[in-house]
Amino acid sequence: MQLGMIGLGRMGGNIVRRLMRGGHSCVVFDTSAQSVEQLASEGATPTHDLAEFVKALEGPRAVWVMLPAGPITEATVQKLGELLKPGDVIIDGGNSNYQDDVRRSQMLEPKGIRYIDVGTSGGVWGLERGYCMMIGGDEASVKRLDPIFKTLAPGVGEIEKTPGREGRHSTAEEGYYYTGPAGSGHFVKMVHNGIEYGLMQAYAEGLDILRGARQESIPAERRYNLDLAEITELWRRGSVVSSWLLDLSAISLAEDPDLKTYSGFVEDSGEGRWTIQAAIEEAVPADVLSAALYARFRSRQEHTFAEKLLSAMRKQFGGHKEPTKQ
């Protein structure tokens, strides 16, 4: 199957690579000529502007936009709305606000252009591990593009079937799932990222407490010089707190036990804020998620070991680069 990809950054480029490995053909465009040339050398069809990009695709076209949420994605979708034809599909796989998806879908509908929003999780590891995808928008188009989503997803793998799911037939256990109308995919991904903030904060604070046990202010008989790299490795083996985030923490601590290369300045990319806004709108208490978001705000004023660990986890799963230590 053919797919066009706009945006060849950390995730867009690897999505193209995974699709080509799966036997699909890809047409690519990016403002970085170097990125286009690199993917072309690996088998993708290169283009140099949006008009050429659209012309290179066979109808009905499927265009995946993998750009930073905000003005650049908005401008690209608007331009595609002028270039594409009825029956073509635009997929936004970035971290757009779900309310923008609803508006864009309504804007494109009179033109006969279909819109799909895909909350995409997997970060820089997705090429090998696959991408978990939460898919909203035009259901018929989602079904037509199922071969694309199936190739990108992790698949069932070696994960045991969940007890109680006997008789259920769903793509969820393969790592992708149709969540409903426009915006629902990014809404689910938004809350996913809000939860991610809370989980990361819990690991960061807990490991900071373990590290603090070595302080001289602690009575000698209760003073422990604990090896966090070994403890995180231990917890990966059979512990109830094992997870991929813990795996990534263990990698970071094995590479840099004191996290000296991190400043502890932790960015937030928007989804945490939007999750709290949704919680307020729904009158749902979100104590942990709110505290985790505020901890990121605080990190820009004072930096603790816990915040360095948050930076380390963000770099491991998403390739996010925080400011280096001054």
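Which residues of strand 1 lie on one side and which on the other, and are they buried or exposed? In this predicted model, Gln2, Gly4 and Ile6 are on one side of strand 1 and Leu3 and Met5 are on the other, and all of these residues are buried, so that both faces of the strand are covered. In a regular strand, the side chains alternate between the two faces of the sheet.

From the strands we can turn to the aromatic rings. A pair of aromatic rings is described by the distance of the centres and the angle of the planes. The structure holds 4 aromatic pairs, and one of them is formed by Trp64 and Phe149, whose ring centres are 6.3 Å apart and whose planes meet at 55°, so the pair is tilted. This pair links distant parts of the chain, because Trp64 belongs to strand 4 (residues 62–65) and Phe149 to helix 8 (residues 146–152), 85 residues apart. Trp64 is buried, with a relative accessible area of 0%, and Phe149 is likewise buried, with a relative accessible area of 0%.

Another aromatic pair is made by Tyr98 and Phe187, and it is edge-to-face, with 4.9 Å from centre to centre and 80° between the planes. Here too distant parts of the chain are linked, with Tyr98 in helix 5 (residues 98–108) and Phe187 in helix 9 (residues 184–212), 89 residues apart. Tyr98 has a relative accessibility of 16% and therefore counts as buried, whereas Phe187, at 25% relative accessibility, counts as partly exposed.

The charged end of Arg129 sits over the ring of Trp244, at 4.1 Å from its centre, while Arg296 lies over the face of Tyr197, 3.7 Å from the ring centre.

Phe149 leads on to the second largest pocket, where this residue is part of a lining that also includes Ile135, Glu139, Asp146 and Tyr178. The space in this pocket comes to about 160 Å³.

How values were computed
Residues are numbered from 1 along each chain as its sequence is written. This is a predicted model: local features need pLDDT of at least 70, side-chain atom pairs count only at pLDDT 80 or more; totals for chains, interfaces and linings use all residues. Side-chain values use heavy atoms; hydrogens and water are left out. Rings of Phe, Tyr and Trp (its six-membered ring) pair if their centres lie within 6.5 Å; planes under 30 degrees apart count as stacked, over 60 as edge-to-face and the rest as tilted. Helices (H or I, at least four residues) and strands (E, at least two) are DSSP runs, numbered from the N terminus. Buried means under 20% relative accessible area, exposed over 50%, partly exposed in between (1.4 Å probe, protein chains only). A charge sits over a ring if NZ of Lys or CZ of Arg is within 6 Å of the ring centre and within 35 degrees of the ring normal. On a 1 Å grid over the protein atoms alone, a cavity is a set of points where a 1.4 Å probe fits but cannot get out, and a pocket is an open set with protein on both sides within 12 Å along at least five of seven lines; lining residues have an atom within 4 Å of a point. Grid points are joined across faces, edges and corners, and a volume is the space filled by probe spheres set on the points.
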